[in-house]
Amino acid sequence: MGKRLVSLALLALGGVGCAGEPVPELERVDIAGAAPGSVAAMEPAMRFVDITQEAGLDFVHISGGPEQRYILEAMGSGSAFFDFDADGWLDFFAISGTRLQDTPESGNRLWRNLPTATGQRVFTEVTEEAGLQRVGWGMGAAVADYDNDGDLDLYVTNWGPNALYRNEDDGTFSPVVAGVEDRHWGASAAFGDVDADGWQDLYIANYVAFDLDNPPSGGELCSGWKGLTVFCGPHGLDGEADVLYRNEGVSRANGPHGGFIDMSAASGIDQTAYLGLGVLFTDYDQDGDADLYIANDSTPNQLYRNDGDWRLSEVGALAGVAYSEEGRVQAGMGVDAGDFDNDGDEDIFVTNFSDDVNTLYQNQGHGSFVDATHVAGLGGAARTLLGWSTALADFDLDGWLDLFVVNGHLYPQLEAHPLGLSYRQRNQLYWNRAGVFAPAAIAGLEAERVSRGAAFGDYDNDGDLDMVVNNLNDRPSLLRNDGGNRNHWLGLDLVGAQGRDAMGAVVRLWVGDRQLRRRAKRGYGYLSSSDGRVLFGLGAATAVEKLEVRWPSGRIEVVERPQVGRYLLMREGTGAVVADYNNPVSVAPSVPEPVLQNPPVPIPAVEPKLGWTPSMYYERASALYAQGRYGETLALLRPVLARYPRETRLHYIAGVVLYSGLGRYAEAVEVLERAVVQDASGVEVMQLLGVIYLHLDQPGKAVAVLQGARALLPEDWQTRFRLGLAHNRLGADTAAIAAFERARELAPDEPMPHLYLARMYKRLGRETAAQQALQRFETLQPLQQQIDHYHQAVEANPAHPASHAKLGLALAEAGRLAAAEQALSHSLALDPVAETRTNLANVLLRRGEVEAAMQLFAQALVDDPDLAEARYGLGMAHYAKGEAAQALRALEDALELRPDFAKAHINIGVVLAQQHRPQEALHHFRRAVDLDPDDARAGNNFVAGLARAGRIDEARQVFARAEARQVALPLARKILVMALLQVAQVQAGEGALSVASLRQRQAIELTPPQLRKPLVEQLKIYEAGLKK
């Protein structure tokens, strides 16, 4: 059992994949392996100082109780840095949740940024006078000037109706009913101008369907996650569709604002119901319009390409930003976009769950990305952390975007395992060293808290970026950046034409031999809104040659030799002036010696157990690993690896713990390489070693070891797939395609080989092959996603019969009948209901076990005589036995119980047609099409029946309606063509050549182009006869 658990862990880590084009080789800086002294020597002379109390943020976030019984309590809240009073200084808004009992009086809070007598900045609470009091399950904040009146308005998402607050320009806000009061569980929201009309539109990422009156498992805790009893979800919960609103603006001068219109259906946003948490607007393809990226929890991330006129195309999978490089769905939380490698386009960074890494997608241009996480130095130690809000921002002002990640786990029950995953966690700062990230080791980030949202902004206007981190059931952390402005800088406060919001404006700046690109943005991270000004770090440079602003209107404006060390106020069309709110204080604080961000936790050695065998060590280590007790697992294994050098399983589990659990890649490689030397037949060890080599950016070594695994296990599609990843990383296109094609042959129903081939074919210009591979992926992936979703639900709550039943149905739909039978049987053992008996009987019937299926259908009807599906199934079983009369009787019984049962109509029609009762059959086929016009089987039978009955024109009309709905009817097409050709031949024989020509032309229109030639030749003969 232990071995099975570990094997599944490996499959989850590197089993399937979609990577992109070859990742460019970046120069690596191995900070993780450096000595503390060398790390410290590379640190900028800056620190963060927690000034929460002295700055006046006297606020404690509230979200449920200490046990965290419901997922609603655990997701936290966000905040907003925004200048609501337009005095040039960032004010602060914090969102709070509530409790299920003893509802607190406090709720959301607003503070104004004011000076003290000494010139320091403090926050004074103005919530009540501003009109922003609210107590409830608050989530996220989005800020924009939605009504273009020159001040910033506020939108707040909630569990329960969201709220829009209009800034009245007098220090107060008014709640507005404008059509954006979505009542689902709203998470992050962002404003952006989708249609480029000068008015900020609004996107809301919705999370899961959650009902406190009917919570998962009746409100009881679940016991499936690492052996702990924790809240249920998100696994097993259904996602909710996101919402996109169009800002109607003002139709006439000084007229009222027209509110918002829901464009979710028109734009296609409502076609998926994923678990949305993070959202941002970005122009990833640099075509000048606002695209959208959504970070989804446990479902694929989405990238919507803006094609104009509210046409949004979801291209995340093909672009390479929906999954990890290995093709895994991750648990996206927060998201940001920025040009981390300074190559002129925006890259995307997404935070994820623990036992995983956060993901960096590097923009390759031409609409494609690659997963550059490990190449850019962002793997390893992040695996023990759970990331939330994030920012790609230049904290030390050296001209390279650094990276900040907010961390904190979901489950307080983790505190029971002192050497395992932690509930309270440190936040992470990574320095950007010319496109490769290195973990920072500066003062001010030592605190361990359960953090969620974060807002980023220069609240003291001294040129460097500060932040407020929201902590669950705790005070926030206002972290002032001291020393970041030792480097030179330039800030821009952009205002669009006629005072309009300038978010989305792109600024390019030329300094020395470098060109930097930044975009004005507020909505990024997780549940939060940040400073909308554009900040450039200049490093040691004291002068800027020029800057160029591309405004959302399309206007391009250039400023030569702008002043540095100041914020410039730039209004579209009027040039730039020094803002009057610049902080005159420019004293560099003394900065203490850096401290290590993540000092190693000592793991005490464990004495070898008297009388234990290698198998006993393996089973115990596997159990500890499955519970997330990674330190204890390593302590158990460390003293016995040398004692049992040929016990491959022990080295394998040690490698899994070091790699997957603790993110210590180099140590994992050392252990696994020793195992391969001792025993070259350990295929699991070789597969894992290949994955780690890829993550260490050593694709050549990965190819070598994976080829060894392939020789040992030639029919394993995953090994072939990993080989494809390695070859692709090396730029060996031919070898990569061969490996992916072989993986596809070995596992034709696995979606990821098809996707990866689609991406490679497209890059190489093989458009037809790319389209075919992509279509196959798009057919397979929704089924696989359903299966994964219900697998997770079963793991989270193994005693829940509905999860097993839904898993069985998903497996059956995918054609995996043996696994479907197992899942449905498990569900039936837990809860013997008629519906599950019927579904299991259907699976058995498809497997050819007709008698067993009939027994289950009969038992289901004993349990529930009015279950139409069981009557229908019984009819299909009789039909399989050749008992047409009994089949017809049972199907008609099903129809009597449920008159709108389209499948029953179809199969009654089939039986009647076989009994030579065509008119009755046509009645049922027509009824089936009316009930379900998208059912291809109904359409095929109806068109075929009409054609056979000689009702050609009626058949053509039905076929045309199906085509208009994009319903493929290949059988109907073939029969209709044959019927038209037959009529043409008969009419020609009778001398009616005009009719024959008409029918021949109609047949040609329905025939694929490559098959038309003989039909066209025949048409020429008919037409020649007409001329005589």
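Two strands are taken to pair if DSSP finds at least two bridges between them. The legends below describe a predicted model.

**Figure 1. Strand 20 and strand 21 of the predicted model run antiparallel.** Strand 20 comprises residues 335-338, and strand 21 comprises residues 347-350. The two strands are joined by 4 bridges. Within this pairing, D347 of strand 21 lies opposite G338.

**Figure 2. Strand 21 also pairs with strand 22.** Strand 22 spans residues 359-365. Its pairing with strand 21 is antiparallel and rests on 3 bridges. F349 has L360 of strand 22 as its bridge partner.

**Figure 3. The side chains of strand 21 point in two directions.** D347 and F349 point one way, whereas I348 and V350 point the other way. In a regular strand, side chains alternate between the two faces of the sheet. D347, I348, F349 and V350 are all buried, each having under 20% relative accessible area.

**Figure 4. The protein chain as the setting of these views contains 29 helices and 40 strands.** The radius of gyration of the chain is 32 Å, close to the 31 Å that the globule rule gives for 1028 residues, so the chain is as compact as a globular protein of that length. Its C-alpha atoms fill a box of roughly 105 × 90 × 60 Å along the principal axes. Of the 1028 residues, 58% count as buried. The chain exposes about 40,000 Å², and carbon and sulfur atoms supply 50% of this area. The mean positions of its 91 positive and 136 negative charges are 7 Å apart.

How values were computed. Residues are numbered from 1 along each chain as its sequence is written. This is a predicted model: local features need pLDDT of at least 70, side-chain atom pairs count only at pLDDT 80 or more; totals for chains, interfaces and linings use all residues. Side-chain values use heavy atoms; hydrogens and water are left out. The radius of gyration is taken over C-alpha atoms; the globule rule is 2.2 Å times the number of residues to the power 0.38. Buried means under 20% relative accessible area, exposed over 50%, partly exposed in between (1.4 Å probe, protein chains only). Accessible areas come from the Shrake-Rupley method with a 1.4 Å probe; for residues, only the protein chains shown count as cover. Lys and Arg count as positive and Asp and Glu as negative; His and the chain ends are not counted. The place of a charge is taken as NZ of Lys, CZ of Arg, CG of Asp or CD of Glu.
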